[in-house]
Amino acid sequence: MSPARSRVAQSLPAYPLAGFKEARLALQANGVDVIDLGAGDADLAPPPTVVDAMQRAVEDPTSSRYPFLVGLPAFRQEVSAFMQKRFGVSADENSEVLPLIGSKEGLAHMPFAFVNPGDVAVMPDPGYQAYRGGTLLAGGEPWMVPLRPENDFLLPLDQLPAEVVARTRMLFLNYPNNPTAASAPDAYFRQAIDFCREHDVVLVHDHAYSEIAFDGYRPPSVLEYEGAREVAIEFHSLSKTYNMTGWRLGWAVGNAALIGALTQIKTFVDTGAFLGVQAAGAAALQSWEEWVPGNVAVFQARRDRAVATLRAVGFEVRAPRATMYLWIPVPSNEPSRDFARRCLDQEGVMVLPGAGLGEGGEGFFRIALTVPEDRLEEAASRLGRLL
Ligand SMILES: Cc1ncc(COP(=O)(O)O)c(C=O)c1O
């Protein structure tokens, strides 16, 4: 029996990298030394204190109980303290913070709380798949806006058609941005907040890369700006900051009405992240000062080495102020998928084609700084042979 999938399921886009993983596995099976720069999943370890906290929590029988959405009070407290310390943002730990099973889960559930069939959610193209997937699953209409170099990869709000704006209930933004590695200036955040206040739109800011920033740059929280409290909710993640992608822990922060709406949806879908993981998350946030700057320095050194070696072999590369990615123009006239496929088939280097996260990313490819410097250098010299 092969039951017909629902209309919503059928509306979901096809998996963008069909064929790539299989091709990589086939190459590896043939002994090719593949360098995988495709996924944003670093090779580095989490802080030792996090592992210790998890080990202790696992021994404690109370960790094995249902977390429910209240979760671990210590984690909520650390999140609230972190928001204050890093951004000067006050957030009540009970009503304005919500632990998530990774930020992806929260991002994907947001449209269920505010988007009706026929409503639009405006989002970046290319962009993280959860924005589009969550919107489609909720019955909404994704309005994908290309992020292009002529706009510094900012989503141009003033170019949205009036008819679309009238139907827009949600705006997804993500700066520092995956995949373009762009950051947004203060004026842009202010413009986005004004736009959302004027048009009664929920501003969803995805801040997964808030801590991976270089050269003294501190990416701001959208909640730092005047008026943001009325319209904005922000999503944070421990995945990239603490090399904890597989642990699945993040949080949402924003005003009590927005947090309450997301909590209501989640109540029917999940029962919270394992309390042991939340204890580890509290330990991670506590370790920020002694641990995060050193981890960021590793990414900065990788960025510098990758940018220098890619430029030396002939690529045109901008050095980003944040994220673990380089967003590089495809050096030929071929579609980004074809170029990425040649990188893999001919040189054993897996990169992400720009169009892999949306057609607006066509003309670019992404490199993730997820391997040591010498491997990045090796990858750059291999890629240079394709020029
Ligand atoms: C822009 C962006 N948002 C959210 C996430 C999801 O992070 P998490 O592991 O917290 O679900 C990612 C992960 O790659 C990302 O790149």
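**Entry 1: the whole protein**

I began with the accessible surface of the protein, which comes to about 16,200 Å², with 52% of it belonging to carbon and sulfur atoms. Accessible areas here come from the Shrake-Rupley method with a 1.4 Å probe, and for residues only the protein chains shown count as cover. I noted that this is a predicted model, in which local features need pLDDT of at least 70 and side-chain atom pairs count only at pLDDT 80 or more, while totals for chains, interfaces and linings use all residues. Residues are numbered from 1 along each chain as its sequence is written, and side-chain values use heavy atoms, with hydrogens and water left out.

I then looked up the fold elements and found 14 helices and 12 strands. These are DSSP runs numbered from the N terminus: helices are H or I with at least four residues, strands are E with at least two. The radius of gyration is 21 Å, close to the 21 Å that the globule rule gives for 387 residues, so the protein is as compact as a globular protein of that length. This radius is taken over C-alpha atoms, and the rule is 2.2 Å times the number of residues to the power 0.38.

Of the 387 residues, 56% count as buried. Buried means under 20% relative accessible area, exposed over 50%, and partly exposed in between (1.4 Å probe, protein chains only). Among contacts between residues at least 6 apart in sequence, 75% join residues at least 24 apart; a contact means heavy atoms within 4.5 Å.

**Entry 2: aromatic rings**

I counted 14 aromatic pairs in the structure. Rings of Phe, Tyr and Trp (its six-membered ring) pair if their centres lie within 6.5 Å; planes under 30 degrees apart count as stacked, over 60 as edge-to-face and the rest as tilted.

The ring centres of Tyr242 and Trp291 are 5.9 Å apart and their planes stand at 20 degrees, so I recorded this pair as stacked. Tyr242 lies in the loop between β7 (232-237) and β8 (250-254), and Trp291 in helix α12 (residues 288-312), 49 residues apart. Both Tyr242 and Trp291 are buried.

For Phe339 and Phe365 the centres are 5.0 Å apart and the planes at 55 degrees, so this pair is tilted. Phe339 belongs to helix α13 (residues 336-347) and Phe365 to strand β12 (residues 364-368), so the pair ties together parts 26 residues apart in sequence. Phe339 and Phe365 are buried.

I also noted one aromatic cluster, formed by Phe75, Phe82, Phe87 and Trp251.

**Entry 3: Ser287**

I located Ser287 in the loop between α11 (275-286) and α12. Ser287 is buried, with a relative accessible area of 3%. Not counting residues up to four places away in sequence, Ser287 touches Pro47, Thr49, Tyr242 and Val292.

**Entry 4: the backbone**

I found a cis peptide bond from Tyr175 to Pro176, with omega near -5 degrees. The bond from Asn178 to Pro179 is cis as well, with omega near 10 degrees. Pro176 lies in the loop between β5 (168-173) and α8 (186-199), and Pro179 is placed in the loop between β5 and α8.

Asp200 is not a glycine, yet its phi is positive, about 60 degrees. I found Asp200 in the loop between α8 and β6 (202-206), exposed at a relative accessible area of 59%. Asp215 has a positive phi near 55 degrees and is exposed, with a relative accessible area of 53%.
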